[in-house]
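Let's work through a few exercises on one protein structure. Have a look at the model first, then try each task before you read its solution.

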Amino acid sequence: MSQGIASLRQAVRRLRNRLRPAPLILLYHRIADLPSDPQLLSVTPEHFTKHLEILRKIARPMELREMVRALQENNLPRRAVAVTFDDGYADNLHNAKPLLERFDVPATVYVSSGFVGASREFFPDELERLFLQPSTLPQKLCLTIKGNTHQWDLGEGAHYSADAYRRNCGWHVLKTENPTPRHKVYRSLCDLLYTLPECDQQTAIDTLMVWAGTESVCRPTHRVVTPDEICHLTKDGLVEVGSHTVTHPVLSALPVAAQRDEIQRSKVYLEGILGHPVTSFAFPYGTRSDYTAETVDIVREAGYQNACSNFEGLVQQGTDPWQLPRFLVRNWDGEEFGRYLMKWHDV
Ligand SMILES: [Zn+2]
């Protein structure tokens with residue numbers, strides 16, 4: 001295709017989208033005001049309020065399931081936006097839901113069922129508590145993961161003072177620099193544990209706790225919902241609960257039988273709590289390399305009616321309802337969020 005035709009097509013698509021913006025799905029994780037958020041998962045309640053205000057003003061908030069139905073009936077409404085949350089942190093109920101109610105914005109919350117009511121945190125949170133909170137740790141760390149031995153020297157970072165914490169607590173993984181050796185270890189361990197099955201992640205975390213002379217605790221600020229809270233989330237129908245597997249693994253790293261188990265068992269567990277079918281699913285991590293075509297088949301066969309991924313795109317004719325694209329939302333103020341929303345609608 002010549003460059004002239006390509007740019008003309010792009011201009012036509014832009015114009016069409018401006019006149020008739022296609023629907024999109026937003027991806028949030030947490031609504032909380034956390035001093036340390038190295039994975040950039042939290043949006044403050046203040047900023048989330050602004051986001052909802054803007055959605056009410058310039059978009060048409062709609063249920064994800066309704067959007068999927070409209071997609072299948074070739075009847076997608078203009079400017080529709082569906083709100084979703086991954087992982088199932090308790091702040092989705094305590095901080096997000098009251099605001100969703102205030103602005104009457106529906107949402108889908110994807111829960112990793114193995115963490116429901118559990119007294120442990122997701123492994124990146126455990127690592128954040130261990131390495132990025134003030135403490136004194138042994139200087140040398142030697143950890144064997146899957147037969148490979150890794151060694152780190154924390155040097156002066158063995159002691160991490162409250163002052164140093166305050167200086168660095170705004171750090172996150174998108175920054176290229178590591179302000180202390182602890183940040184380097186945190187980053188390496190996140191990468192090393194990411195593709196491991198949950199039992200191996202847990203073994204590594206347990207070893208680290210013994211090394212650090214501490215115990216695994218679940219901070220109230222970092223816990224996942226309890227069974228009771230799942231019922232409260234869905235009471236009144238504004239919030240739908242979907243499945244996000246049992247242990248939040250990289251599904252593509254698991255054998256097919258283990259994938260099936262993760263996908264089916266979380267559905268059965270959540271349905272047992274809710275007393276109605278769970279029909280929405282979100283792939284953990286969700287980029288195209290975190291699941292396979294086989295995973296998508298398993299999700300469909302398990303009886304889900306839609307599934308969300310984690311790559312950008314609009315929901316339009318031809319979009320696969322079992323690989324719905326989403327836009328990841330960061331802790332932006334209202335102005336920035338509005339700018340992104342306009343940009344995304346203009347893709
Ligand atoms: Zn997740």
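### Exercise 1: the largest pocket

Task: Sort the lining of the largest pocket into nonpolar, polar and charged residues.

Solution: The lining of the largest pocket splits into 16 nonpolar residues, nine polar ones and 11 charged ones. Here Ala, Val, Leu, Ile, Met, Phe, Trp, Tyr, Cys and Pro count as nonpolar, Asp, Glu, Lys and Arg as charged, and the others, Gly among them, as polar.

Next, the volume: it is about 820 Å³ for the largest pocket. Of the 36 residues lining this pocket, Gln39, Leu41, Pro124, His248 and Tyr285 are the closest to its centre. On a 1 Å grid over the protein atoms alone, a pocket is an open set of points with protein on both sides within 12 Å along at least five of seven lines, while a cavity is a set where a 1.4 Å probe fits but cannot get out; lining residues have an atom within 4 Å of a point. Volume means the space filled by probe spheres set on the points, which are joined across faces, edges and corners.

Before going on, two notes. This is a predicted model, where local features need pLDDT of at least 70 and side-chain atom pairs count only at pLDDT 80 or more, but totals for chains, interfaces and linings use all residues. Residues are numbered from 1 along each chain as its sequence is written, and side-chain values use heavy atoms, with hydrogens and water left out.

### Exercise 2: the cavities

Task: How many cavities of 30 Å³ or more does a search of the whole structure find?

Solution: The search turns up two. Start with the largest cavity, which has a volume of about 80 Å³. Its lining has 14 residues, and the closest to the centre are Ser36, Asp37, Pro38, Asp125 and His222. Sorted by type, that lining has six nonpolar, four polar and four charged residues.

Now take the second largest cavity, at about 50 Å³. Ser36 and Pro38 are among the residues lining this one, along with Tyr160 and Trp171. The count here is six nonpolar, three polar and no charged.

### Exercise 3: the core

Task: Which residues have the most contacts inside the largest nonpolar core?

Solution: They are Leu26, Tyr28, Phe48, Leu55, Phe85, Leu100 and Phe337, in a core of 60 residues. A nonpolar core is a set of buried (under 20% relative accessible area, 1.4 Å probe, protein chains only) Ala, Val, Leu, Ile, Met, Phe, Trp, Tyr and Cys residues joined through side-chain atoms within 4.5 Å. A second, separate core has 25 residues, including Leu137 and Ile145.

Conventions
Buried means under 20% relative accessible area, exposed over 50%, partly exposed in between (1.4 Å probe, protein chains only).
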